[in-house]
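Please open the model in your viewer and follow the stops below in order. Each stop names a selection and then describes what is found there.

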Amino acid sequence: MGESNDGCRQLLPRAIFGINGKVENGVRQHPVTGSIIFALGNKIGIADYKKNTQEFVAGHTNTISCLDLSKSGKYMASGQINHMGFRGYVIIWDYDQRKEIARHDLHKVSVQAICFTAQDRCVVSIGGVDDGSVIVFDMEAFSPICQTPASRAISGNALTVRPLHNNPYFFVTAGDRHLRLWSILREQKKLYVQDVLMASKTRVFYCARINKTDEFAYLGTGTGDIVKIVLNCCDSEHVSKKGSTSCILGAFGTHNSRKPTGRDCNRYVNGVRALYVLEGGRLLIGAGNGDIELVEERTDVPLINFRDYPGPTWPYLRTLKKTHVSGRISSFVRSKTDMFYICTDTNEIYGLNIKTWVLKLLRTCHTKSVYCITFPKNYSGVFATSGKECIRIWSSGRKQELLRIMVYNFNCACVRFTHDGTSIVSVWNDGIIRAFTPITGRLIYAIPNAHNKGCSALAVASSGRLIVTGGIEGQVRVWKIDPYRQDLVGVLKDHSGPITSLDINYLDTEVISACTDGSCVIWDIKRMTRKQVVTANTQFMSASYFPTGVQVITCGSDGRIIYWMVYNGALIRELTASKKSSVNCLAINETGDYFITVGSDLQVKLWDYNSGAVVGIGSEHASSVISCAYSPCMTMFVTGSTDGSLIIWDVPRDFWGRPNPPDATKYSLPKTSSKTKMNEVPSRVNSGTNLKTPRGENIDGLLKATPKDDLCCVECPPCAKKEAKVSDPYAECGIVPDVRKC
């Protein structure tokens with residue numbers, strides 16, 4: 001571990017789960033090292049899956065929108081999207097040194113696409129909707145040489161750019177009713193352009209690929225077909241051969257032999273989003289609905305025979321193999337001769353062997369913000385995270401996802417394990433409390449209408465029979481959980497804003513609620529009364545009890561960390577964690593010696609509780625960090641950010657914490673046998689509270705039940721199902737209209 005300038009240790013990540021799959025063609029593989037290069041937030045990630053290591057290159061000020069790697073592997077180029085009125089940067093990187101070597105800010109707001117031309121001569125970038133220009137950056141002079149509007153007034157914006165394989169001064173741009181062939185005149189610092197003749201066909205082009213001989217180009221369209229064009233490239237001055245021009249050969253779909261002639265053409269649902277040209281005229285096609293097909297051009301029917309075909313799309317492609325993944329295909333990366341990496345907009349990477357046609361899920365992460373992270377009691381082997389439409393359980397040892405519980409169209413605000421590990425309790429923004437089994441993900445119970453405007457926080461007592469929830473409307477509600485029923489015990493009203501966090505002390509007698517209205521309230525959940533209120537000029541984001549329950553520690557939007565005394569609400573200490581951004585979450589280890597904080601400044605900090613000093617800093621996140629959790633073993637912790645990424649951090653051995661002394665021996669009265677047999681008489685009335693639940697699933701058996709490199713995905717059934725009305729009008733109210741029928 002290396003020491004930094006301010007005396008803090010540099011925290012090192014053990015594992016990183018994260019990728020931005022929404023960037024078109026945003027995944028690349030280095031030709032020499034084999035590392036995967038991808039965009040994540042405002043950083044470029046370089047992952048070596050063989051060594052299971054990752055590192056990030058920082059330099060952008062906002063989210064990366066496009067990325068490319070030179071064919072030699074020496075350079076990387078990336079562009080970003082910025083706020084309205086600001087410039088979008090294009091940065092050229094040296095791959096070996098991981099350093100920036102050049103940049104320009106000639107684009108307005110955003111950079112739509114970027115690419116290296118052949119032989120690493122130039123970098124071509126096109127702007128977004130607010131810019132609409134093509135800029136060529138010369139790699140020899142390390143400066144931009146020309147800037148030209150990308151499209152004419154009668155056509156739409158350019159969406160993608162693709163260079164030729166052999167000629168370093170040619171490239172193709174395609175987009176909304178836009179398809180043009182460009183040539184670069186480096187000495188004259190000019191661009192020549194020629195529109196490709198489309199023969200009255202209008203398309204929106206999402207992706208483009210050129211074959212190895214630079215003779216033909218294939219383009220994926222929004223209508224679900226493949227457009228093939230002939231380039232006819234000549235020299236940079238004339239663009240194409242004399243007497244000829246670049247033109248379309250046809251718009252192709254797949255052939256369906258079961259349909260009659262004239263209707264035997266199938267198109268891809270939600271458009272063709274990714275393409276790859278293989279040997280022998282084969283194409284690997286990825287659609288917007290997740291379909292992946294290996295197709296080839298038909299040789300039994302000449303192309304000229306389709307001139308009289310009634311549809312604008314010709315059935316000239318034959319499907320060889322087909323499979324399906326979740327999400328829209330965004331990138332195809334050829335790893336080996338028969339192996340492809342497939343990236344989707346759901347932030348998942350699949351491995352596909354086109355020879356054996358075996359599909360395997362390799363990497364996954366949340367699609368959007370990670371709202372909550374939690375560990376089971378005294379078990380560090382797994383942890384759970386909550387996010388958009390799902391709860392995910394991860395293995396900290398295998399570094400993989402084990403279980404995914406899906407509830408579509410809703411977000412899970414918080415998730416907790418019961419202390420015995422037999423259930424996973426969660427709250428959702430639809431106002432429903434749901435509990436699941438930890439291995440199969442089966443729904444145990446659901447409490448509908450728990451909060452009017454949706455749930456936002458959750459705490460579970462050590463007994464598992466009492467849970468406390470917080471809502472967006474500002475109420476704190478206490479629930480009693482029995483094996484066969486769930487009852488509302490009480491409603492605590494004092495806050496005027498959304499509840500951000502809840503925490504129960506180790507005795508299960510008090511709960512502290514943090515709220516955005518600038519107050520934290522300590523409640524007595526035995527008597528259902530308020531005990532103390534602490535206020536500050538901030539929006540409290542998180543509050544947590546010290547392990548002994550005598551103090552609480554809070555953090556908020558003002559960047560301060562505050563210690564409070566429980567019995568009288570007195571302020572003990574204030575620490576400044578950040579002067580510019582908020583502190584979003586904190587977590588204390590089991591002994592109370594150290595705690596971690598995460599904030600919008602992208603930094604993760606490890607603090608000494610007693611001295612109030614920062615002892616470790618980690619800065620691997622690429623967007624605001626909003627959740628964190630300390631492991632029960634105190635050797636690691638997990639953080640989550642708004643881009644869906646998760647990082648498992650190693651805690652330096654010096655900061656593991658000192659174990660607590662053993663508890664003193666307690667005196668107990670000797671047991672006396674009763675003279676009467678009244679205690680042996682069973683109770684005549686059984687409400688169900690003293691029933692023992694049968695031994696079922698437990699979280700410690702999840703690793704044994706889940707094979708390596710496997711994932712179980714479970715869909716939660718609807719909780720508020722409407723029952724069909726009975727034909728008898730008196731059945732609902734229980735009225736018997738005629739006594740004689742009884």
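The model is predicted. Begin by selecting strands β8 (residues 75–80) and β9 (residues 87–94), which run antiparallel and are joined by five bridges. Within this pair, S78 has I91 of β9 as its bridge partner.

Now widen the selection to the sheet that holds both strands. Four strands make up this open sheet, in the order β7-β8-β9-β10, with antiparallel pairing. Its edges are β7 (64–69) and β10 (99–108), each of which pairs on one side only. From one strand to the next, the twist averages 15°.

For the next stop, select V193, a residue of strand β18 (residues 190–195). Is V193 buried or partly exposed? The residue is partly exposed, because its relative accessible area is 35%. Leaving aside residues up to four places away in sequence, V193 touches R180, L181 and W182.

Finally, select strand β33 (residues 382–395). Of its 14 residues, 13 are buried, so the strand is largely enclosed by the rest of the structure. Strand β32 (residues 372–374) pairs with β33 in the antiparallel sense over three bridges, and I373 stands opposite T385 of β33. Strand β34 (residues 400–417) also runs antiparallel to β33, joined to it by seven bridges; here C390 has M406 in β34 as its bridge partner. Follow the chain from β33 into β34 to see a hairpin with four residues between the strands. In that turn, K399 has a positive phi of about 60°.

Notes
Residues numbered from 1 in each chain as written. Predicted model: local features only at pLDDT ≥ 70, side-chain atom pairs only at ≥ 80, totals over all residues. Heavy atoms only, no water. Pairing = 2+ DSSP bridges. Helix = DSSP H or I, 4+ residues; strand = E, 2+ residues; numbered from the N terminus. Axes fitted to C-alpha atoms, helices over the stretch in contact; angles between N-to-C directions. Buried < 20%, exposed > 50% of the residue type's maximum accessible area, 1.4 Å probe, protein only. Contact = heavy atoms within 4.5 Å.
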